[in-house]
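This briefing covers one protein chain, topic by topic. Please look over the sequence and the structure before reading the points below.

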Amino acid sequence: TYFNITVGSLAQSADYTTEMVTIYPNPAEDIVNIDFGGLNNSEIEVDLIESSSGRILISSRKNTSGSITVGALQPGIYLFRIRENQRINYSKFIIQ
């Protein structure tokens with residue numbers, strides 16, 4: 001299962017542009033792949049947040065697509081926070 005996140009800026013609706021960030025597989029067991037699509041070469045901050053407590057469990061700065069190891073985390077629902085420049089988006093993510 002692939003999960004797409006649209007990263008865009010609503011503050012400038014006339015110049016609204018989007019880029020797709022794809023996070024897969026969802027649900028995941030060991031490894032989560034992140035494809036930044038057209039955002040490669042931008043510095044992007046990726047945080048994995050525990051949904052029940054709001055604690056940041058993994059924080060990573062990337063400028064290319066890659067993967068994050070999640071195998072040590074407890075099964076449950078988490079949030080990915082993707083920040084690129086002034087744009088921030090959240091997405092629900094499941095670890096089995």
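The structure holds six salt bridges. The model is predicted. Several of the charged residues belong to one network, in which salt bridges with shared partners connect Glu45, Asp47, Arg61, Arg81 and Arg83.

- Arginine 83 and glutamate 45 form a salt bridge through their side chains, with an N to O distance of 3.1 Å. This pair connects distant parts of the chain, since arginine 83 sits in strand S7 and glutamate 45 in strand S4, 38 residues apart.
- Arginine 81 makes a salt bridge with aspartate 47, and their closest N and O atoms are 2.7 Å apart. Here too the link is between distant parts of the chain, with arginine 81 in strand S7 and aspartate 47 in strand S4, 34 residues apart.
- Arginine 81 is buried, with a relative accessible area of 14%. Aspartate 47 is also buried, with a relative accessible area of 1%.
- Aspartate 47 has a further salt bridge to arginine 83, where the closest N and O atoms are 2.9 Å apart.

**The open sheet**

- Four strands make up an open sheet, ordered S5-S4-S7-S8, and their pairing is antiparallel. Strands S5 (56–62) and S8 (87–95) are at the edges; each has a single partner strand, so one side of each has no neighbour in the sheet. From one strand to the next, the twist averages 20°.
- Strand S4 (residues 44–50) pairs with strand S7 (residues 76–84) over seven bridges, in the antiparallel sense.
- Glutamate 45 has arginine 83 of S7 as its bridge partner. The side chains of glutamate 45 and arginine 83 also meet in a salt bridge.
- Serine 60 belongs to strand S5. With 16% relative accessibility, serine 60 counts as buried, because the class takes in residues under 20%.
- Beyond its neighbours within four places in sequence, serine 60 contacts Ile44, Glu45, Val46 and Asp47. Glu45 and Asp47 are also members of the salt-bridge network.

**The nonpolar core**

- The largest nonpolar core has 17 residues, and those with the most contacts inside it are Ile23, Val32, Ile34, Val46, Val70 and Phe80. Strand S2 (18–24), S3, S4, S7 and S8 are the elements that give two or more residues to this core.
- In soluble globular proteins, nonpolar side chains tend to be buried together.

**Valine 32**

- Which strand holds valine 32? Valine 32 is placed in strand S3, which covers residues 31–35.
- Is valine 32 buried or exposed? Valine 32 is buried, and its relative accessible area is 0%.
- Apart from neighbours within four places in sequence, the contacts of valine 32 are Ile23, Tyr24, Gly66, Ser67, Ile68, Val70, Phe80 and Phe93. Among these contacts, Ile23, Val70 and Phe80 are listed, like Val32 itself, with the residues that have the most contacts inside the largest nonpolar core.
- Valine 32 and threonine 69 are 37 residues apart along the chain, while their C-alpha atoms are separated by 6.4 Å.

**Cis peptide bonds**

- Tyrosine 24 and proline 25 are joined by a cis peptide bond, with omega about -10°. Proline 25 is in the loop between S2 and S3.
- A cis peptide bond also runs from asparagine 26 to proline 27, where omega is near 10°. Proline 27 likewise lies in the loop between S2 and S3.
- Tyr24, which takes part in the cis bond to proline 25, is one of the contacts of valine 32.

How values were computed:
Residues numbered from 1 in each chain as written. Predicted model: local features only at pLDDT ≥ 70, side-chain atom pairs only at ≥ 80, totals over all residues. Heavy atoms only, no water. Buried < 20%, exposed > 50% of the residue type's maximum accessible area, 1.4 Å probe, protein only. Contact = heavy atoms within 4.5 Å. Pairing = 2+ DSSP bridges. Axes fitted to C-alpha atoms, helices over the stretch in contact; angles between N-to-C directions. Core = buried A, V, L, I, M, F, W, Y, C linked by side-chain atoms within 4.5 Å. Salt bridge = Lys/Arg side-chain N within 4 Å of Asp/Glu carboxyl O.
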